[in-house]
Amino acid sequence: MKMVSSNFKEVEEDLLITNPKMSGAKKRKVDSECRVFNKEWIGSMAVCLICQEKVAVFKEYNISRHFATKHANYASKQSPQERGSTARRLMAKLQAQQNLFHRQTAIQETSTRASFMLSFKLAKASKPLSEGEFLKECMIETAGLLCPESKDKFEKISLSRRTVTRRVELIDEDITNKLNNIAESFKLYSLALDESTDIKDTAQLLIFIRGISDSFEITEEFLAMEPL
C-alpha cells in the first residue's frame, strides 16, 4: 500500500480512523462504505512515496505519525490536482526502481542456475573443472557474434575453477541428501559391490543400492566409493 497526501489532516481523512480517543474522529465501517478486505495486505509494509522509507507496523497511527513527523508541510501549497499529479509521478518513480531491482535479481538467479548447470555438465563428462573458464570464453565470443545485446548476461556467469568446484560439491551434497531420504523409505533393498582401480592404481570399492518403496517405486543408484 503506497500513499501520498498533502498534509496531516488529509492523511487522516484517507485512513480508516478506528481509534475513538482521537478528537473529532468518527468510526468508519467497512460494510457501510462497500470496502473489500484484501488478503494481500496481511504481512505487507507501507512505503512512503516521498522518502521511500518503510513503516514497520502497517497501522493507521504509524502511517499518520510518520507523515506528521517528517512530511507535515509537504505539498501544502499545491492544489488537489497538483498533489495527485505529484503522487502519480512518485509512484511511477518507485515502481521503476522496484522493477529494476527485480530485474537485476532475476538475472543474477538465472546466471547462478546456468553456472550450476554447466558445472554439472563438466563433472558428468569427467572434464577438468578448470575448463569452465575456457567454456565461458567461448560462450562470450559466440554471443558477441550471434546476440551482442545479450553478451553481458554471459559475462555474469561465474565459471572459475574455484566456483565450479564449489558448485560440484553442492550438487554432490544435494544428490546424496536426496538419495538418503529416498533410502529411508525403502521397504526392501539390496547392495551390489564391485572393485575397481583409479588412475593411481588404488583399489576402490564401488557400492550400488537398489530398493523398493511401499508404493512399489524402484530406485537404483550409485551409493558410495570407498578405498581399499
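Which strands does H6 lie across, and at about what angle does H6 run to E6? I looked this up in a predicted model. H6 lies across E4 and E6, and its direction makes about 120° with that of E6.

Entry on H6. I took the helix as residues 161-184, which is 24 residues. From first C-alpha to last I get 35 Å, close to the 34 Å expected at 1.5 Å a residue. I then listed its buried residues: Thr163, Val164, Arg167, Ile171 and Leu179.

Entry on Arg167. Arg167 is buried but has no salt bridge. The nearest side chain of opposite charge is Glu169, 10 Å away; a salt bridge would need the nitrogen and the carboxyl oxygen within 4 Å. Setting aside neighbours within four places in sequence, I find Arg167 in contact with Thr112, Ser115, Phe116 and Ser119.

Entry on Ser115. Beyond four places in sequence, I list Ile157, Ser158, Leu159, Thr163 and Arg167 as the residues Ser115 touches.

Entry on the sheet. I read the strand order as E4-E5-E6, an open sheet of three strands with antiparallel pairing. E4 (186-197) and E6 (218-227) are at the edges with a single partner strand each, so one side of each has no neighbour in the sheet. I note an average twist of 20° from one strand to the next. Between E4 and E5 (residues 203-213) I find eleven bridges. For Ala192 I looked up the bridge partner in E5, which is Phe208.

Methods
Residues are numbered from 1 along each chain as its sequence is written. This is a predicted model: local features need pLDDT of at least 70, side-chain atom pairs count only at pLDDT 80 or more; totals for chains, interfaces and linings use all residues. Side-chain values use heavy atoms; hydrogens and water are left out. Helices (H or I, at least four residues) and strands (E, at least two) are DSSP runs, numbered from the N terminus. The expected span of a helix is 1.5 Å times one less than its number of residues. Buried means under 20% relative accessible area, exposed over 50%, partly exposed in between (1.4 Å probe, protein chains only). Contact means heavy atoms within 4.5 Å. Lys and Arg count as positive and Asp and Glu as negative; His and the chain ends are not counted. Two strands pair if DSSP finds at least two bridges between them. Axes are lines fitted to C-alpha atoms, for helices over the stretch in contact, and angles run from 0 to 180 degrees between N-to-C directions.
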